[in-house]
Amino acid sequence: MGLQQLNHSSRKLPQYPTKVIQFGEGGFLRAFVDWQIQQMNQKDLFQGGVAVVQPIGKGMTSMLDAQDDLYTVLLEGKLNGEKIQEHEVIEAINETVRPYEDYQAYLDLAKNDDAEFIFSNTTEAGIAFDENDQLADRPQNSYPGKLTALLYERFTLGKKGFQIISCELINHNGDALKKIVLQYATLWNLGTDFVNWLNSENNFYSTLVDRIVPGYPRDRAAELEQEWGYRDNLIVKAEPFLIFVIEGDPKLEKLLPLRAADLNVVVTDNMQPYRNRKVSLLNGPHTTMSPIARLAGIETVGQVMSDPDFYQFINDEMYEEIIPTVALPQDELTEYAEGVKERFENPYVKHELSSIALNSISKFRARLLPTFKRYAAARHQLPQRITLALAAYLKIYAGKADFAPQDTPEVIAEFAQLIKTNDYIHAALADTTLWGEDLTQYRGLAELVTQDIRVLDELGARAAVLQINQ
Ligand SMILES: NC(=O)c1ccc[n+]([C@@H]2O[C@H](COP(=O)([O-])OP(=O)(O)OC[C@H]3O[C@@H](n4cnc5c(N)ncnc54)[C@H](O)[C@@H]3O)[C@@H](O)[C@H]2O)c1
Ligand SMILES: O=P(O)(O)OC[C@@H](O)[C@@H](O)[C@H](O)[C@H](O)CO
C-alpha cells in the first residue's frame with residue numbers, strides 16, 4: 001500500500017495565531033527559526049504560528065501548501081559528545097503567501113494584530129536596494145522593497161510596529177536592512193511620520209545564525225518515508241547543534257522566550273566576535289572548499305574531510321590563514337575550529353558542495369575577502385589557499401568547469417561581459433561591482449590567480465592543492 005502524504009488529515013494540530021511573518025521558505029529557516037518556534041510552542045512559551053512569504057517568484061511554498069504546511073526536520077549528528085538521530089514534524093507554519101500571485105494577500109498581513117515578529121533569510125543576495133522598486137509595484141522586486149511596502153501599510157493602518165530579526169549572513173544584517181528601508185522611505189516620499197514610526201515602533205535586530213542545514217536528504221528520503229510511514233517532499237535535514245546570537249535590547253528575551261525554551265540563544269549588545277569567528281572559520285572554509293573540491297570531482301563536505309589532501313588543505317587554511325587574522329583568544333579559536341571540523345565530518349550529514357556554491361560571488365566577498373584583506377595587510381603577502389579558491393571561482397564563472405555557476409542574474413550577466421574582455425582575469429579582479437573594491441590593487445594577486453588557473457586547467461584541482469600542501 002502506498003504511503004499517505006503528510007497533511008492535516010493525519011494530525012490533530014494546535015491552532016496558534018500568526019505571530020510571525022517570515023520572508024523565505026528555504027531549508028535553513030524551516031530547520032532553524034520554525035524549528036525553534038515549535039520548541040517554544042511545545043513548552044507553551046510562545047503559542048504562535050508563522051505566515052511564510054515567498055520572497056521571489058519561484059519557490060517552494062506551493063509544495064508546503066500541498067502538505068498543509070507540515071514538514072519533517074531530521075536532526076542527525078553529535079551534540080556535546082552525544083549521538084543524536086531524531087525527527088519531528090514541524091507544525092509552526094499556519095499559511096503561505098505568494099506576493100507574485102496575490103499581492104493583496106501579502107499586504108493584508110499588515111492587518112494582523114497578533115503579528116509581532118518578522119524573520120527573514122533571503123540569502124546574502126536578498127538585502128539589496130533596487131532603485132527601480134516603487135511603492136505602487138505589486139510586488140516590489142527586492143525583499144527590502146517588499147518589506148517597506150508592508151511596513152508602510154501597517155503604519156497607514158495605525159497599528160503597532162514589529163520586531164524585525166534578519167538572519168541573512170551579512171554583517172550587521174538588521175542595520176543593513178533598516179538602512180535600505182529608510183532609503184525607500186526617502187525614495188518613495190513616505191513622509192517623516194512614517195520614518196518616526198519606523199524608528200520608534202520597530203526594532204531591527206542584527207543576528208548571527210549557525211546550524212548546518214544540508215536540506216532535503218535526496219539519497220535517503222524514500223527509506224526515511226518508509227520508516228516514518230508517511231510521504232514528505234520537504235524533509236529538512238540539519239545538525240543538532242545551533243547557536244542564535246541576537247544583537248539588541250535584552251527585552252526581546254521576554255517577547256521571544258527562546259532561551260527559556262533551553263535553546264542556545266545569546267542576546268547581546270555586541271555580536272561581532274561571534275560573527276567573525278563563525279563566518280571566517282566555518283563559512284570561510286566552506287566557501288574555499290566548494291569550488292576547488294568540486295573541480296576535483298568531490299561532491300560533499302564529508303568527502304572533503306575524509307580526503308587526506310583536502311583535509312590538510314582546509315586544516316592549514318584554518319590554522320595558517322584564518323585564525324591568525326581573527327582578534328579573539330587563540331584557545332577559543334582553536335576550540336571553535338576543532339568543533340567546526342567535527343561538524344564538517346558529521347557522518348550523518350551529506351552536505352552538498354553544490355548547495356554551498358549558490359551565489360558564490362557574494363559569499364566570497366562576505367566570507368573570505370575580509371580574511372584575505374586582514375592577512376594581506378598583516379603579512380604583506382597573499383593567503384595562498386584563499387587565493388586558489390578565488391582562482392577556482394574565476395575558472396568556474398568563465399564557464400570552464402563541468403558544472404555551471406549558480407548565481408543571481410546580475411552576477412551571471414556581469415561575468416558574461418567580463419569573459420568578452422581581452423584580459424578576463426584582470427577585468428574580473430578589477431570589477432568593483434563584484435567585490436566592492438578593485439582586487440588588482442593587491443600586489444601580485446593577478447599574477448598568482450593567473451598561475452593558479454593555469455595549474456587548475458593543466459594539472460587539475462588536486463594538483464593545485466598538493467602544490468600548496470607541500
Ligand atoms: N543551509 C545552511 O546550512 C545555512 C546555515 C546557516 C545560514 N544559512 C543561510 O541561509 C540562506 C538560505 O539557505 P537555505 O539553505 O535555506 O537555502 P534555500 O535555497 O533553501 O532557500 C533560499 C531562500 O532565499 C530566498 N531567496 C533567494 N534569493 C533571493 C533574493 N535574491 N531575494 C529574496 N529572496 C531570495 C528564496 O526564496 C528562499 O526562500 C543562506 O544563503 C545562508 O545565508 C544557511
Ligand atoms: O547556506 P549558505 O549557502 O549561505 O552557505 C553554505 C554554508 O556555509 C552554510 O550554510 C553553513 O553551513 C551555515 O552557515 C552553518 O551555520
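Colleague: How far apart do the C-alpha centres of domain 1 and domain 2 lie?

Modeller: Those centres lie 29 Å apart. Domain 1 covers 4–269 and domain 2 covers 273–469, with bounds from an automatic or database domain assignment. This is a predicted model, in which local features need pLDDT of at least 70, side-chain atom pairs count only at pLDDT 80 or more, and totals for chains, interfaces and linings use all residues. Residues are numbered from 1 along each chain as its sequence is written, while chains are lettered from A and ligands numbered from 1 in the order in which they are written.

Colleague: How many residues does the contact take from domain 1 and from domain 2?

Modeller: Domain 1 supplies 21 residues and domain 2 supplies 20 residues; two residues are in contact if their C-beta atoms, placed from the backbone, lie within 7 Å.

Colleague: Moving on, where is L328?

Modeller: L328 sits in the loop between α12 (308–322) and α13 (330–344). Helices are DSSP runs of H or I with at least four residues, strands are runs of E with at least two, and both are numbered from the N terminus.

Colleague: Is L328 buried or partly exposed, and why?

Modeller: L328 is partly exposed, because 15 other C-beta atoms lie within 10 Å. A residue is buried if 20 or more other C-beta atoms lie within 10 Å of its own, exposed if 12 or fewer, and partly exposed in between, with C-beta atoms placed from the backbone.

Colleague: Which residues is L328 in contact with, leaving aside neighbours within four places in sequence?

Modeller: The contacts of L328, with those neighbours left aside, are P273, R277 and L333.
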